[in-house]
Amino acid sequence: MTRAVTLIRSASLSDIAEYAYAATAPADSRLIFLAGACPLNEDGTTAAIGDYAGQASKAVENMRTALAAAGASLEDVISTRVLVASARREDLVTAWAVVRDSFAEHDVPSTLMGVTVLGYEDQLVEIEAVAAVVDA
């Protein structure tokens, strides 16, 4: 399958970032805007209470499900925003490591943000994403 997303890197920017700095999709691609993927179980309860890595993993799992329903996969994601309910950098890094590892070589442009609170009880992580696919 031909992928719509092209990751862009710049030799003029630091290579310490664990993601591409930009991404493009062709004009004929279909964009998919995902709601924030939350760490919710099928019954609506929050998964992995108190566990940043566990919640990031569940959020990625739920994002994969939403992408599949739209005819896409993680490899079609063009950007992400990872929200972590913490003021501690190490909590953000813990959640980010799970997200980064889930995307592997498809290291899309991403923003990692510490926030005060998220919408569900005991929620620590949420992942927003945009994907692009070229339909056959």
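**Strands, pocket and salt bridges**

At 32% relative accessibility, R30 counts as partly exposed, where buried means under 20% relative accessible area, exposed over 50% and partly exposed in between, with a 1.4 Å probe and protein chains only. This is a predicted model, in which local features need pLDDT of at least 70, side-chain atom pairs count only at pLDDT 80 or more, and totals for chains, interfaces and linings use all residues. Residues are numbered from 1 along each chain as its sequence is written, and side-chain values use heavy atoms, with hydrogens and water left out.

Q: In what sense, parallel or antiparallel, does strand 4 pair with strand 6?
A: Two strands pair if DSSP finds at least two bridges between them. In strand 6, the bridge partner of R81 is E128. Strand 4 and strand 6 (residues 125-133) are joined over seven bridges, and the sense is antiparallel.

Q: What is the handedness of the crossover from strand 4 to strand 5?
A: Strand 4 (residues 77-85) pairs with strand 5 in the parallel sense over six bridges, and the chain passes from strand 4 through helix 2 to strand 5 as a β-α-β crossover. Such a crossover is right-handed if, with the strands pointing away from the viewer, the path from the first strand over the helix to the second runs clockwise. By that criterion, this crossover is right-handed.

Q: How many of the residues of strand 4 are buried?
A: Within this strand, V82 has L112 of strand 5 as its bridge partner, while A85 stands opposite V115 in strand 5. Strand 4 is mostly covered, and of its nine residues the number buried is seven.

Q: Which element gives the most to the lining of the largest pocket?
A: A pocket is an open set of points on a 1 Å grid over the protein atoms alone, where a 1.4 Å probe fits and protein lies on both sides within 12 Å along at least five of seven lines, and lining residues have an atom within 4 Å of a point. Helix 2 (89-103) and strand 5 (110-115) each supply at least two lining residues. The element that gives the most, with five residues, is helix 2.

Q: What is the volume of the largest pocket?
A: The lining includes R89, W96, R100 and L112, and its residues divide into five nonpolar, two polar and three charged. A volume is the space filled by probe spheres set on the grid points, which are joined across faces, edges and corners. For the largest pocket, this comes to about 210 Å³.

Q: Which residues are linked with R88 in a network of salt bridges?
A: A salt bridge is a side-chain nitrogen of Lys or Arg within 4 Å of a carboxyl oxygen of Asp or Glu. R88 meets E90 at 3.1 Å, N to O, and R88 meets D91 at 3.0 Å, N to O. R88 is partly exposed at 47% relative accessibility, whereas D91 is buried at 10%. The residues linked with R88 in the network are E90 and D91.

How values were computed. Helices (H or I, at least four residues) and strands (E, at least two) are DSSP runs, numbered from the N terminus. Ala, Val, Leu, Ile, Met, Phe, Trp, Tyr, Cys and Pro count as nonpolar, Asp, Glu, Lys and Arg as charged, and the others, Gly among them, as polar.
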